[in-house]
Amino acid sequence: MSTEAQRGQILESPTPPGVGADVLTAPFDQAPIFARSRALRPTGKVLPEHARSHNRALVLQTLYSAGPQSRADVARETGLTRVTVSDLVAELIAEGLVVELGQREDARPGKPAILIDVDRAAFQIVGIDLSDHERFLGAIVDLDGGIVARAELPRDRATGDAAVALVDELAARLVAEATAPVLGIGVGSPGVVDPQGVIRSAPNLGWQDLDLRGRLHAAFGLPVHVGNDANVAVLAEHGSSTNDDLLLIKVGHGVGAGIIIGGRPVIGGGFAAGEIGHVVVGTDGGPRCACGKHGCLETWLAVPRLTAQLDALDDAGDAASDREAILTEAGRRLGIVLAPVVGALNLSEVALSGPAELLDGPLALAAVETLRTRTMAEHNRDLRLRMTEQAQDIVLRGAAVMVLSGQLGVS
């Protein structure tokens with residue numbers, strides 16, 4: 001059977017090849033395994049009953065991270081025997097996941113080794129970002145995280161069924177434009193999202209108990225992974241960080257946090273870890289929030305709120321100092337909310353994701369100063385608060401990481 005035919009067979013089922021469909025990819029009616037707080041990638045050998053699936057992931061992760069290697073190189077790197085590696089590589093080549101690149105050119109004695117690598121052109125991933133307050137964004141992403149093509153649809157304040165229809169339309173356009181078999185669809189959405197891909201609550205989009213994962217799977221017959229936008233974004237940021245403990249604050253239509261501790265995503269028992277947008281800041285009241293409370297962090301920090309305040313200043317012709325005061329107060333409120341989190345987890349790195357013209361400057365400076373004054377200095381002297389390295393594509397790339405981890409066990 002040809003490689004294309006094999007890929008076609010693979011993609012007809014909800015779990016394309018990859019790393020042991022029985023272990024690393026849950027059946028469609030179960031939680032995607034990344035949401036059950038496993039490490040994002042394999043790091044060593046495991047018990048015999050799980051060995052084959054895990055070791056497939058280990059071989060793929062080694063090649064994915066290091067690039068072209070010989071079979072002997074992979075055996076040394078993973079600690080697996082050469083026989084085991086050769087057997088697994090033969091299986092992965094047959095499935096179209098790994099390719100031989102030819103002989104290594106070096107001056108070492110003996111027969112030159114054959115180099116192998118993940119076939120990085122074998123699949124593409126559809127990523128969708130629903131966090132922007134003005135538009136829904138989508139992209140076709142290659143296995144290395146590169147953006148192959150983009151698409152977007154204006155939201156026009158759509159909520160409820162109208163917003164769901166926009167997601168359907170965007171996904172259909174991207175799947176149709178893919179130039180390689182689609183490994184899966186990843187979606188980052190505002191709100192509380194459970195491990196089955198059901199959006200329990202997304203007030204800004206008017207969604208309640210929306211089975212987005214089931215809906216998209218039924219429409220396209222592809223594996224689908226849905227997560228909270230901040231939880232998805234932190235996956236992308238983790239890939240560019242050397243720190244296995246990371247807190248990412250996603251500021252858009254709302255405010256949320258993504259948390260990775262010890263290399264494992266944290267989603268919480270009620271799937272709402274990181275839902276800091278509706279934490280009331282202080283006891284001095286504040287603006288009324290969409291949730292009904294007054295003074296939620298979102299009322300101080302969300303992009304539409306901040307933009308409206310700053311636009312009002314511009315219209316009134318007020319001084320630049322007033323603009324700085326608004327951003328400084330928003331940063332101070334953020335620092336107040338983050339201080340107990342940073343103190344409890346002893347975090348050393350916090351990343352901000354959102355419009356740099358709002359976040360990078362007085363707001364960030366006020367946030368880090370507040371953090372330092374509200375936590376023990378000797379424990380947080382190395383605390384670093386920075387802008388994300390992923391810019392506006394962070395949720396799209398995080399959606400691709402979610403699919404890669406869920407389907408192939410690599411990231």
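A: Counting as a disulfide any pair of cysteine sulfur atoms within 2.5 Å, the total for this predicted model comes to 0 disulfides. The sulfur of Cys289 has its closest cysteine sulfur in Cys291, and because the two are 3.7 Å apart, they are too far for a bond. For Cys291, the closest cysteine sulfur is that of Cys296, and here too the separation, 3.6 Å, is too far for a bond. As to their surroundings, where buried means under 20% relative accessible area, exposed over 50% and partly exposed in between, computed with a 1.4 Å probe on protein chains only, Cys289 counts as buried because its relative accessibility is 5%, whereas Cys291, at 37%, counts as partly exposed.

Residues are numbered from 1 along each chain as its sequence is written, and side-chain values use heavy atoms, with hydrogens and water left out.

Leaving aside neighbours within four places in sequence, Asp245 is in contact (heavy atoms within 4.5 Å) with Ile260, Ile261, Gly262, Leu347 and Glu349. With Gly262, a polar atom of the Asp245 side chain lies 2.7 Å from the backbone nitrogen. Asp245 and Pro265, 20 residues apart in sequence, are 9.6 Å apart in space, C-alpha to C-alpha.

Definitions and conventions. This is a predicted model: local features need pLDDT of at least 70, side-chain atom pairs count only at pLDDT 80 or more; totals for chains, interfaces and linings use all residues. A polar contact is a pair of N or O atoms within 3.5 Å; within protein, one must be able to donate a hydrogen and the other to accept it, and residues adjacent in sequence count only if both atoms are side-chain atoms.
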